[in-house]
Each structure stands twice: as C-alpha cells, then as structure tokens.
Amino acid sequence: LAQNPWVLSGKVIVDLSAHVVVQQGVVFEMQAGATLEVRGELHVEGHPLQPVVFTGATAEGTAGSWASVVFTPQIQRYDPVLGTGCSMRFVNFEFGGSSQGTVVIGGHSPRLENITVTDSKQAGLYFSSTALTASVSGIDITRGKQGLVVKDASSLCSLENEPCEVAGLRIAETTDEGVYMEDMNLEHPLTLRDVRIMPTTGYTMEVLRAAVVVEEGVLYGSTYDI
C-alpha cells in the first residue's frame with residue numbers, strides 16, 4: 001500500500017490468507033469507530049522521516065475518535081528469519097482507543113519497534129491472552145487513560161528460550177495507570193528495560209497477581225500499588 005490517504009470505516013479485516021505490506025509515509029484516516037482487525041500477515045514499514053500514521057478522519061483531533069488496530073489470536077508467530085507473521089516499525093497512532101486500547105494484541109505478539117501512541121482514550125498498548133514472542137521496543141505513549149496494559153495474559157512469558165521484555169518504554173501524561181498488569185503467570189515475570197513513566201495523575205504502576213522486573217527504569221511520582 002502506497003497511496004495517500006487510506007480512509008477506513010467500520011471493521012476492515014486483513015484475512016488469514018492475506019499478506020499486506022504498508023510502505024513508509026502512508027496515512028490511514030480512521031473514521032468514527034473504525035477498527036483494523038489483523039488475522040493474516042501485516043507488515044507496516046515506516047521510516048524515521050516518513051512514519052506510517054493512523055489518525056482520526058476529522059480535523060478536531062479527539063481522543064477515541066476511532067477504535068483500534070487489533071492483532072487477533074489467529075496471526076502467525078513472527079519469524080525474524082523468514083519475515084513471516086506481523087510487524088510494525090516507525091508507526092504513529094493518534095486519537096484512537098475508543099474501546100480497550102489503540103493497539104490491542106491477542107495471541108502471538110507482532111514485532112513492534114519505534115511505535116508512538118498519542119491521545120488514546122483508553123490504553124495505548126493493550127496485551128490480552130498474549131504470548132510475547134517477538135521484539136517489542138521503542139514504545140512511546142503520551143496522553144491517555146493508561147499507557148501499557150497487560151491483562152489475562154497467563155501465557156505472556158511462558159515460552160522457554162524467549163526473551164520476555166519490553167525495551168525502551170516511555171509513558172507520559174496518563175490519567176489512570178502508566179502500567180497496569182493483572183493475572184499473569186507469577187513464575188515468568190515481564191521485564192521492562194530502559195523505562196520511564198511520568199503519569200499526570202493516578203498510579204505509575206499497578207500490578208495485581210502478576211510479576212514484573214524493572215531494569216534501568218525511572219518511575220516518577222509517589223504512588224505505587226504493587
């Protein structure tokens with residue numbers, strides 16, 4: 001996909017048999033309630049100077065003006081050698097998250113690198129029933145109810161010989177939790193490496209029946225519920 005802009009409305013599905021590649025500089029204008037649901041292969045290849053952008057279709061720029069990009073449990077596990085599965089690099093998301101979050105992941109995680117989420121009505125990045133099997137790094141979430149949410153994810157870090165970490169996480173100006181984690185396998189913690197969390201209000205990090213290790217982290221604020 002290379003033309004601009006792409007206007008999406010309703011639910012748009014990348015089907016099981018599909019292999020979609022989005023080139024740098026592409027802009028998706030998401031109409032009210034729009035969702036991109038990924039079941040097949042989706043590779044979004046932005047560039048530092050020409051990121052791919054998902055934004056609202058209206059000029060007002062209101063949080064929650066569209067729904068989500070959803071990676072379903074049907075997607076393949078990402079293979080860095082073959083390049084199969086799903087990946088996103090240098091992608092900006094604006095004004096989404098009218099449901100669970102702007103980017104919602106179930107099943108195998110896609111490769112996510114240099115992702116920016118701003119003005120999400122709910123979470124910026126939402127993991128649910130997910131196995132973290134690909135690189136997740138360079139995540140920048142600003143303004144929203146929550147930054148990173150991991151919920152009902154007992155299998156998140158349960159695969160042997162797999163790095164289970166989110167690296168280079170920056171979260172700022174959230175109104176509830178910067179990071180919210182609930183119901184994970186306590187024997188397999190998630191590592192947050194090189195993290196900086198600066199909420200506006202609410203908890204910096206809230207962890208319920210979950211395990212997390214923070215390495216090279218700076219957590220601003222005085223309220224923690226762990």
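Asp183 counts as partly exposed, at 25% relative accessibility. Here buried stands for under 20% relative accessible area, exposed for over 50%, and partly exposed for what lies in between, with a 1.4 Å probe and protein chains only. The model is a predicted one, in which local features need pLDDT of at least 70 and side-chain atom pairs count only at pLDDT 80 or more, while totals for chains, interfaces and linings use all residues. Residues are numbered from 1 along each chain as its sequence is written, and side-chain values use heavy atoms, with hydrogens and water left out.

**Salt bridges**

Asp183 forms a salt bridge with Arg209, and the closest N and O atoms of the two are 2.6 Å apart. This pair links distant parts of the chain: Asp183 is in strand β14 (residues 179-184), Arg209 is in the loop between β16 (205-208) and β17 (212-219), and 26 residues separate them. Strands (E, at least two residues) and helices (H or I, at least four) are DSSP runs, numbered from the N terminus. Arg209 is exposed, with a relative accessible area of 52%.

A salt bridge is counted when a side-chain nitrogen of Lys or Arg is within 4 Å of a carboxyl oxygen of Asp or Glu. The structure holds 11 salt bridges. Three of them are listed here.

| Salt bridge | N to O distance |
|---|---|
| Arg209 and Asp183 | 2.6 Å |
| Glu45 and Arg89 | 3.3 Å |
| Arg193 and Glu215 | 2.4 Å |

The side chains of Glu45 and Arg89 meet in a salt bridge. Glu45 belongs to strand β6 (residues 41-45) and Arg89 to strand β9 (residues 87-94), so that the pair, 44 residues apart, links distant parts of the chain. Glu45 is partly exposed at 27% relative accessibility, and Arg89 is partly exposed with a relative accessible area of 24%.

Another salt bridge joins the side chains of Arg193 and Glu215. The two residues are 22 residues apart and link distant parts of the chain, with Arg193 in strand β15 (residues 190-198) and Glu215 in strand β17. Arg193 counts as partly exposed at 27% relative accessibility, as does Glu215 at 29%. Salt bridges that share partners also join Glu45, Arg89, Arg111 and Glu113 into one network.

**Cysteines**

A disulfide is a covalent bond between the sulfur atoms of two cysteines. The cut-off used for it is a pair of cysteine sulfur atoms within 2.5 Å. A search of the whole structure finds zero disulfides. For Cys86, the closest cysteine sulfur is that of Cys164, which lies 19 Å away and is too far for a bond. Cys86 is buried, at 1% relative accessibility.

Glu94 is in strand β9 and is partly exposed, with a relative accessible area of 26%. Contact is taken as heavy atoms within 4.5 Å. Apart from neighbours within four places in sequence, Glu94 is in contact with Val53, Phe54, Thr55, Gly56, Trp66 and Thr118. Val214 is 120 residues from Glu94 along the chain, and the C-alpha atoms of the two are separated by 27 Å.

Ser65 is found in the loop between β7 (52-56) and β8 (68-71). With 18% relative accessibility, Ser65 counts as buried. Leaving aside neighbours within four places in sequence, the contacts of Ser65 are Met30, Gln31, Ala32, Gly33, Gly56 and Phe95.
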